[in-house]
Amino acid sequence: MRRSRRAWEVFQSGHEPVGVSGQVLTSWRRSRWSGVDPARTEIPIVDVDTDSEFVRIASPVVLRAADSLTGGPACLALADAQGHVVWRWVSEPAIGRALDAQGMQHGSIFAEQRVGTNGIGTSLESRELATVFGPDHYVEAFHRWACVAAPVVHPVTGRMHGAVNVTCFAEDANQFLRALTRSLADTVSSRIAEHGSREERALLDAFVSGRVRTTAPVVAVTSTLMFADDVAGAWGLEHRTVWELVRHAGPSADVVVRDGLRARVHPLDGVDGALLTLHPDPTSAAVAPTPEFSPLEAAEADVVARTLAECHGNKSVAAATLGISRATLYQKLRRYRIAWAPDTSRAL
């Protein structure tokens, strides 16, 4: 702990410390860039849903670990994806009172950009197990604590649901907490997948079905989730932007997604969402970023994309215009990751 404290003091003085993990040092830098005051002690508190699906699934799993915490006073906690504490259990009233006095309670915000390096916030920011013992915390008032937290990520969709956190006094910390926390987070992730919401299952089914039924790049989206295939993903589409387009589009609408790229909107049955098939804007070629291509290949991709756009997505006409077979055109479309419109005969 003394070495870690010295490293913290060196960093706060504006110098590069030694003897601190790369994860913690990177988090300290993010905390500084976020403007966190290491001398600040107050923790923001907001209203939270303490009976969310995440809490209902995760809390029984985490609570079963209570008997394993025999090394001293300890706290088990769950935080949502924004770093808000939504559930807490303490082994002894004394540590509960100490945490209350520190500000670690229901609704407390432990996002890293708000309170600096800490188990919950750093695990959510890094999307990996975070071990923050004593002076590893960016805020000095937290140095009396040891926290280990792990993100809970859906194993299929990659959606961040929150984090599992184990807290104890710094002098009681041990490496067993790492294995315990990782195991709890993995188990919760599995339980969430088993209890996948109807929306998640419906969206995933629509995405898989859509990829089978069309050769166009496909995106499936709801207000909380988005799936995109490799070609669509290469465009770097943002979930919020795509969802806003879908919300204001009518059935079978053709919308501009971004410069050079349009999408046909196919509403989903039984769920508030849509399947989008991407195709080039006729006024602009739509070639996804492909830095691995040579200049000659990039030029060919540009010709293919422009020709297809001029032919309004008709691959037979485009192939004839280019003087190649339809099969060859398909190979080039896949090779160059060109977003193209599906044939109307194969429309969804």
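Student: Let's start with helix H2, residues 22-33. What should its twelve residues span, and what distance separates its end C-alpha atoms?

Tutor: At 1.5 Å a residue, H2 should span 16 Å. In this predicted model, the end C-alpha atoms of H2 are 17 Å apart, which agrees.

Student: Which residues of H2 are buried?

Tutor: Buried means under 20% relative accessible area. In H2 that gives Val24, Leu25, Ser27, Trp28, Arg30 and Ser31.

Student: How do I read the packing of two helices?

Tutor: The general idea is that two packed helices are described by the angle between their axes and the distance between the axes. Here, H2 packs with helix H6 (residues 119-126) at about 95°, and their axes are 11 Å apart. Angles of 65 to 115 degrees count as roughly perpendicular, and H2 and H6 are therefore roughly perpendicular to each other.

Student: Which residues meet where H2 packs with H6?

Tutor: From H2 you have Gln23, Ser27 and Arg30; from H6, Thr122, Glu125 and Ser126. Sorted by class, this contact has four polar residues, two charged ones and no nonpolar ones. Notice that Ser27 and Arg30 are in this contact and are also among the buried residues of H2.

Student: On to the sheet. What is the strand order, and how do the strands pair?

Tutor: Read across the sheet, the order is S7-S6-S10-S9-S8: five strands, open, with antiparallel pairing. An edge strand pairs on one side only, and here the edges are S7 (226-228) and S8 (254-258). From one strand to the next, the twist averages 30°.

Student: Which strands does helix H8 lie across?

Tutor: H8 (residues 198-213) lies across S6, S7 and S10, and runs at about 165° to S6.

Student: Last one: where is histidine 143, and is this residue buried or exposed?

Tutor: Histidine 143 is in the loop between strand S3 (130-133) and strand S4 (145-153). Its relative accessibility is 12%, so histidine 143 counts as buried. Leaving out residues up to four places away in sequence, histidine 143 touches Arg5, Trp8, Gly134, Pro135, His137 and Ala170.

Methods:
Residues are numbered from 1 along each chain as its sequence is written. This is a predicted model: local features need pLDDT of at least 70, side-chain atom pairs count only at pLDDT 80 or more; totals for chains, interfaces and linings use all residues. Side-chain values use heavy atoms; hydrogens and water are left out. Two strands pair if DSSP finds at least two bridges between them. Helices (H or I, at least four residues) and strands (E, at least two) are DSSP runs, numbered from the N terminus. Axes are lines fitted to C-alpha atoms, for helices over the stretch in contact, and angles run from 0 to 180 degrees between N-to-C directions. Contact means heavy atoms within 4.5 Å. The expected span of a helix is 1.5 Å times one less than its number of residues. Buried means under 20% relative accessible area, exposed over 50%, partly exposed in between (1.4 Å probe, protein chains only). Angles under 35 degrees count as roughly parallel, over 145 as roughly antiparallel, 65 to 115 as roughly perpendicular and the rest as oblique. Ala, Val, Leu, Ile, Met, Phe, Trp, Tyr, Cys and Pro count as nonpolar, Asp, Glu, Lys and Arg as charged, and the others, Gly among them, as polar.
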